[in-house]
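Dear colleague,

Please find below a structure that I am handing over to you. My notes on it follow directly after the sequence and the model.

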Amino acid sequence: QVQLVESGGGLVQAGGSLRLSCAASGSIFSINAMGWYRQAPGKQRESVALITSGGNTNYADSVKGRFTISRDNAKNTVFLQMNSLKPEDTAVYYCNADINYRLGYRNVYWGQGTQVTVSS
């Protein structure tokens with residue numbers, strides 16, 4: 001069984017910063033891509049940032065230059081550093097990981113979500 005546990009959400013004023021963390025644990029052989037998604041009230045879940053096992057990154061246009069995704073492969077952890085936060089960044093943020101739980105077997109897992117609220 002694999003679990004993703006997120007932390008670091010909260011309430012911040014516009015222009016502030018937050019750092020999200022997501023640690024994967026359980027039966028893990030290796031981890032492929034990891035990423036962060038978000039879902040605002042009344043909207044569909046959207047991709048925010050992705051990072052491959054080799055460290056290549058991809059960002060949504062709305063967060064480029066403000067958010068940075070990184071990972072610690074030794075700790076099976078992915079981070080999202082969020083700077084210059086805007087009220088429109090308010091959402092529940094979800095961690096996502098493409099994990100090989102055994103050699104030749106893979107699945108995509110999701111965290112439980114962490115609330116980020118940016119006040120104006």
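How many disulfides does the structure hold? The structure holds 1 disulfide, a disulfide being a pair of cysteine sulfur atoms within 2.5 Å. Before the details, please note that this is a predicted model, in which local features need pLDDT of at least 70 and side-chain atom pairs count only at pLDDT 80 or more, while totals for chains, interfaces and linings use all residues. Residues are numbered from 1 along each chain as its sequence is written, and side-chain values use heavy atoms, with hydrogens and water left out.

The disulfide

The bond joins C22 to C95, with the sulfur atoms 2.1 Å apart. The pair links distant parts of the chain, since C22 belongs to strand 3 and C95 to strand 9, 73 residues apart. Strands here are DSSP runs of E with at least two residues, and helices are runs of H or I with at least four, both numbered from the N terminus. The link of C22 and C95 is left-handed, with -80 degrees about the S-S bond. C22 is buried, with a relative accessible area of 0%, and C95 also counts as buried at 0% relative accessibility. Buried means under 20% relative accessible area, exposed means over 50%, and partly exposed lies in between (1.4 Å probe, protein chains only).

Apart from residues up to four places away in sequence, C95 touches L4, E6, C22, G35, W36, V78, Y109, W110 and G111; contact means heavy atoms within 4.5 Å.

The chain as a whole

The chain has 0 helices and 11 strands. Its radius of gyration is 14 Å, close to the 14 Å that the globule rule gives for 120 residues, so the chain is as compact as a globular protein of that length. The radius is taken over C-alpha atoms, and the rule is 2.2 Å times the number of residues to the power 0.38. Along the principal axes, the C-alpha atoms fill a box of roughly 50 × 25 × 25 Å.

Buried residues make up 40% of the 120 residues. The accessible surface comes to about 6500 Å², and 46% of that belongs to carbon and sulfur atoms; accessible areas come from the Shrake-Rupley method with a 1.4 Å probe, and for residues only the protein chains shown count as cover. Among contacts with a separation of 6 or more, 55% are between residues 24 or more positions apart.

The nonpolar core

In soluble globular proteins, nonpolar side chains tend to be buried together. A nonpolar core is a set of buried Ala, Val, Leu, Ile, Met, Phe, Trp, Tyr and Cys residues joined through side-chain atoms within 4.5 Å. The largest such core in this model has 30 residues, of which W36, L80, M82 and Y93 touch the most other members. Strands that each supply at least two residues of this core include strand 1 (2-7), strand 3 (18-26), strand 5 (46-51), strand 7 (67-72) and strand 11 (114-119). Strand 9 gives the most, with 5 residues. M82 touches G16, S17, L18, L20, R66, F67, Y93 and V116, again not counting residues up to four places away in sequence.

Salt bridges

Side chains of opposite charge can pair when their charged atoms come close. The structure holds 5 salt bridges, each being a side-chain nitrogen of Lys or Arg within 4 Å of a carboxyl oxygen of Asp or Glu. R38 pairs with E46, the closest N and O atoms being 2.7 Å apart. R38 is buried, at 6% relative accessible area, whereas E46 is partly exposed at 35%.

R38 also meets D89 in a salt bridge (3.0 Å, N to O). This pair links distant parts of the chain: R38 is in strand 4 (residues 30-39), and D89 is in the loop between strand 8 (77-82) and strand 9 (91-102), 51 residues apart. D89 counts as buried, at 1% relative accessibility.

Another salt bridge joins K64 to D61, with the closest N and O atoms 3.1 Å apart. Both K64 and D61 are exposed. Through shared partners, salt bridges join R38, E46, R66 and D89 into one network.

With kind regards
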